[in-house]
Amino acid sequence: TFQRLTGLSLDLLVAAAVASMRLDLLLQNVAPFAILMVAAIVWCVATFIWLAPRMLKEDWFEQAIVTYGTLTGVSAVGLMLLRIADPHQRATAAQAFAARSMVISPLLGGGIITATMPLMIVQFGVLPMLAVSTVVMLVAWAWPTFFSSHAARTR
């Protein structure tokens, strides 16, 4: 009964989302939408193929597949792909995903940053916010390497 109710709820949610779409706005902005879609697809595939094996040392494929699914859909899609790739849950990807989600979910994917970014873009402009986002991403990416090499030098 519970599975049928959740299935019905999901069907109603999808139907409401599709019914509330304004196709006239989509058609007016089809070129920017297409550019964003192509850029998002290229980014997701490139990070899966090139970046993930270099950044994720342990169980890189399983960790990358759950992240890929999350980036291209929702967390449930990522977890479903992980279940297909690792049906016996031998990899550490589920635990890593859960640990990441505790930190990232309040910020992105409907969190604080996702909610405030459009307001900040209107207030400060696209290019300044792109520059700030790029700097924050590069610092976050370099942070573990800097501190691990700094800790090794101080020993």
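1. A salt bridge is taken here as a side-chain nitrogen of Lys or Arg within 4 Å of a carboxyl oxygen of Asp or Glu, and by this rule the count comes to one. The pair consists of Arg22 and Asp24, whose side chains meet at 3.0 Å, N to O. Side chains of opposite charge can pair when their charged atoms come close. With a relative accessible area of 51%, Arg22 is exposed, whereas Asp24, at 39%, is partly exposed; buried means under 20%, exposed over 50% and partly exposed in between (1.4 Å probe, protein chains only).

2. On provenance, this is a predicted model, in which local features need pLDDT of at least 70 and side-chain atom pairs count only at pLDDT 80 or more, while totals for chains, interfaces and linings use all residues. Residues are numbered from 1 along each chain as its sequence is written, and side-chain values use heavy atoms, with hydrogens and water left out.

3. Met102, Val103, Ile104, Leu107, Leu108, Ile112 and Ile113 make a nonpolar surface patch of about 650 Å². Two elements give two or more residues to the patch, namely α6 (93-104) and α7 (112-124), and α6 gives the most, with three residues. Helices are DSSP runs of H or I with at least four residues, numbered from the N terminus. Met102 is found in α6 and counts as exposed because its relative accessibility is 67%. Patch members have over 30% relative accessible area and no salt bridge, and nonpolar side chains (Val, Leu, Ile, Met, Phe, Trp, Tyr) are joined within 5 Å; the areas come from the Shrake-Rupley method with a 1.4 Å probe.

4. The largest pocket has a volume of about 2900 Å³, and of the 49 residues that line this pocket, the closest to its centre are Trp43, Leu71, Ile104, Leu108 and Met137. At least two lining residues come from each of α3 (30-55), α4, α6, α7 and α8 (126-154). A pocket is an open set of points on a 1 Å grid where a 1.4 Å probe fits, with protein on both sides within 12 Å along at least five of seven lines, and lining residues have an atom within 4 Å of a point. The volume is the space filled by probe spheres set on the points.

5. Phe61 is found in helix α4 (residues 60-72) and counts as partly exposed, at 35% relative accessibility. Leaving aside neighbours within four places in sequence, Phe61 is in contact (heavy atoms within 4.5 Å) with Phe48 and Ala85. The C-alpha atoms of Phe61 and Met120, 59 residues apart along the chain, are separated by 35 Å.

Key: Patch = residues over 30% accessible without salt bridge, like charges linked within 9 Å, V, L, I, M, F, W, Y side chains within 5 Å.
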